[in-house]
Amino acid sequence: MELRTSPADTPAPRTSAPLLDVEHARVGYELDGRLQVAVEDVSFAIHPGEHVMLLGPSGCGKSTLLKTIAGFIEPAGGSIRLNGRTDLSPGPDRAVVFQEFDQLFPWFPVERNLTYPLRVNGRSKADAARIAAEYLDLMGLSHAADRYPHQLSGGMKQRVAIARAMALEPVLLLMDEPFGALDAQTRSRLQRELHEVARSAEATILFVTHSIQEAVYIGHRVVVLGTPPSTVVEILDVAHLSDPAAPEFTDAMRHLRSLLSADDSTAESATFE
Amino acid sequence: MQQTATPATGPPDGAARARPRRGGWAALPVAPRRAALLLLILGVWQGYVSLSGVSPLLVSGPADVAAAIYAGIADGRLLAATAITLQVLLSGMVIGMALAAVLTTLASWSRLGDDLLVLLTSMLNPLPAIAILPLAILWFGLSTTALVFVITNAVVWPIAINVSTGFRTVNPTIMAVGRNIGLRGWRIVRDVLIPAALPQIIAGLKTGWAFGWRTIIAAELVFGAAGGQGGLGFFINDARYFLRTPEVFAGLVTIALIGIALDLVFTWIERRTVIRWGMKST
């Protein structure tokens with residue numbers, strides 16, 4: 001469907017200033033009072049409308065990097081700029097979808113899980129209800145609006161979390177392996193849904209994954225990180241690839257697999273799908 | 001190996017519960033099962049009193065006890081005694097809850113506060129609350145203040161322990177979501193931290209009430225023996241002194257009924273909240 005030369009699926013032209021600009025960022029987390037460097041040096045940019053995937057072996061610091069961009073962790077070096085701003089305290093302009101199923105508020109039914117954050121951010125009651133209904137419909141959740149989270153399956157919970165994050169209309173949607181804990185079937189169904197929804201909503205996404213297939217399928221570009229303390233191994237353009245049966249798709253997956261195996265000689269690479 | 005041949009007389013185990021046998025005792029709903037047992041116990045009790053010739057000064061039958069409760073309500077003595085006891089309990093509970101709130105707030109703010117709470121609870125929680133009654137009498141005399149002091153001490157530690165454990169073990173993801181959607185300061189405490197810790201908060205209050213209830217009855221019995229004024233413990237002691245045995249039993253039944261009522265209140269709150277939200281299993 002999409003040809004390599006066709007710009008049909010490629011996001012906004014890169015002439016505009018980047019939305020997110022990561023320059024020589026060094027990130028890590030505190031462990032027993034000492035800084036554990038997870039990412040030594042990483043630079044990339046995200047432009048409006050792009051889906052950028054962070055791919056790497058477990059422990060490479062991709063989640064830590066996402067949490068730093070979300071504002072939960074201070075960067076240890078370099079700079080991370082969002083629309084030119086370096087003060088990145090956590091906020092709904094970078095709504096996060098986590099991997100854990102228990103990220104929903106268990107004391108609210110599904111609908112209030114969406115309206116409550118909207119009300120916190122100054123929407124009127126009527127506005128919040130309208131926006132929530134719209135995103136519940138978009139994620140195919142309208143029938144479950146009155147259920148409590150504990151009455152939902154894992155896949156449904158992740159759909160609610162995605163709907164909640166998107167309803168906030170973040171400038172950058174952060175997704176931290178949102179499908180990592182799902183079974184294979186549910187996972188590929190949600191990948192397909194996200195692919196469609198994100199494209200129609202023109203969302204800008206930073207997506208952390210350790211699945212090569214997921215990275216090529218959902219992403220416009222894949223930032224490949226090595227073993228910790230990691231650096232960028234390669235940034236691969238996969239914007240034109242969305243048909244998993246196409247030979248180019250398989251080629252891109254093979255290329256990424258070889259990058260990850262070359263960087264890491266341990267058994268870790270065997271876990272890549 | 002031969003266990004399967006043994007007739008099941010006890011309560012059904014997991015497997016039997018999963019597939020109840022039709023027609024048996026276990027097939028009846030819980031309310032009639034309990035009502036039938038209660039009637040049986042009352043019947044045996046009344047039968048013993050009527051037929052064994054035991055002195056009515058030692059054991060009263062259910063009929064006499066019911067008459068004593070009715071008379072106590074009619075002339076207001078039992079109601080007044082109950083009201084006094086509940087009032088003292090409530091005062092102690094309110095002060096205890098306020099103290100627990102202050103302590104847990106300090107504990108979540110600073111390491112020093114946390115250390116203080118851990119030290120105080122590990123020292124004072126294992127101490128039966130009634131044990132400090134002599135000290136309370138020494139300080140405050142045979143007064144309501146002494147009772148409130150003892151009750152406060154009985155309720156503050158279980159509440160503080162449970163609430164601070166609840167706060168400490170809140171799922172970090174849900175707190176991260178709270179910050180991510182833009183909640184800060186008091187609002188994240190009120191809208192995320194407290195509801196997320198609600199199962200432990202309710203458990204703490206439940207234990208606090210139960211401890212407080214046992215302690216106040218014990219304290220009042222001591223007070224009654226020492227000639228103090230009028231709660232349920234005093235009512236029982238007074239009745240014993242004048243050999244009004246049915247009234248002794250009436251006081252005990254009242255204490256049990258209020259204990260059950262308090263428990264039902266908490267069960268009702270849990271059903272409406274944490275059980276409904278799937279945060280605590282039934």
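Let me start with the annotation: in an unreviewed UniProt entry, residues 22-252 of chain A carry the feature "domain: ABC transporter". What we have here is a predicted model.

Next, the strands. Chain A has an open sheet of 9 strands with mixed pairing, and the order reads β4-β1-β2-β9-β8-β3-β7-β6-β5. Which strands stand at the edges? They are β4 (77-82) and β5 (96-97) of chain A; each has a single partner strand, so one side of each has no neighbour in the sheet.

One pair from that sheet: strand β6, residues 173-176 of chain A, runs parallel to strand β7, residues 205-209 of chain A, and 4 bridges join them. Across that pairing, A:Met175 is opposite A:Phe207 in β7(A).

Now two helices of chain A. Helix α4 (residues 154-167) packs against helix α5 (residues 184-201) at an angle of about 15°, and the axes are 11 Å apart. That angle is under 35 degrees, so α4(A) counts as roughly parallel to α5(A). Their crossing is right-handed. On the α4(A) side, the residues in contact include A:Gly154, A:Arg159 and A:Ile162; on the α5(A) side, they include A:Thr186, A:Leu190 and A:Leu194. By class, this helix contact has 5 nonpolar, 4 polar and 1 charged residues.

Last, the contact between the chains. Chain A gives 18 residues and chain B gives 14 residues. The side of chain A that touches chain B has 12 nonpolar, 4 polar and 2 charged residues.

How values were computed. Residues are numbered from 1 along each chain as its sequence is written. Chains are lettered from A and ligands numbered from 1 in the order in which they are written. This is a predicted model: local features need pLDDT of at least 70, side-chain atom pairs count only at pLDDT 80 or more; totals for chains, interfaces and linings use all residues. Axes are lines fitted to C-alpha atoms, for helices over the stretch in contact, and angles run from 0 to 180 degrees between N-to-C directions. Angles under 35 degrees count as roughly parallel, over 145 as roughly antiparallel, 65 to 115 as roughly perpendicular and the rest as oblique. A crossing is left-handed if the near helix is turned anticlockwise from the far one by less than a right angle, and right-handed if clockwise. Two residues are in contact if their C-beta atoms, placed from the backbone, lie within 7 Å. Ala, Val, Leu, Ile, Met, Phe, Trp, Tyr, Cys and Pro count as nonpolar, Asp, Glu, Lys and Arg as charged, and the others, Gly among them, as polar. UniProt positions are given in the numbering used here, feature names are shortened, and annotations may be inferred rather than shown by experiment. Two strands pair if DSSP finds at least two bridges between them.
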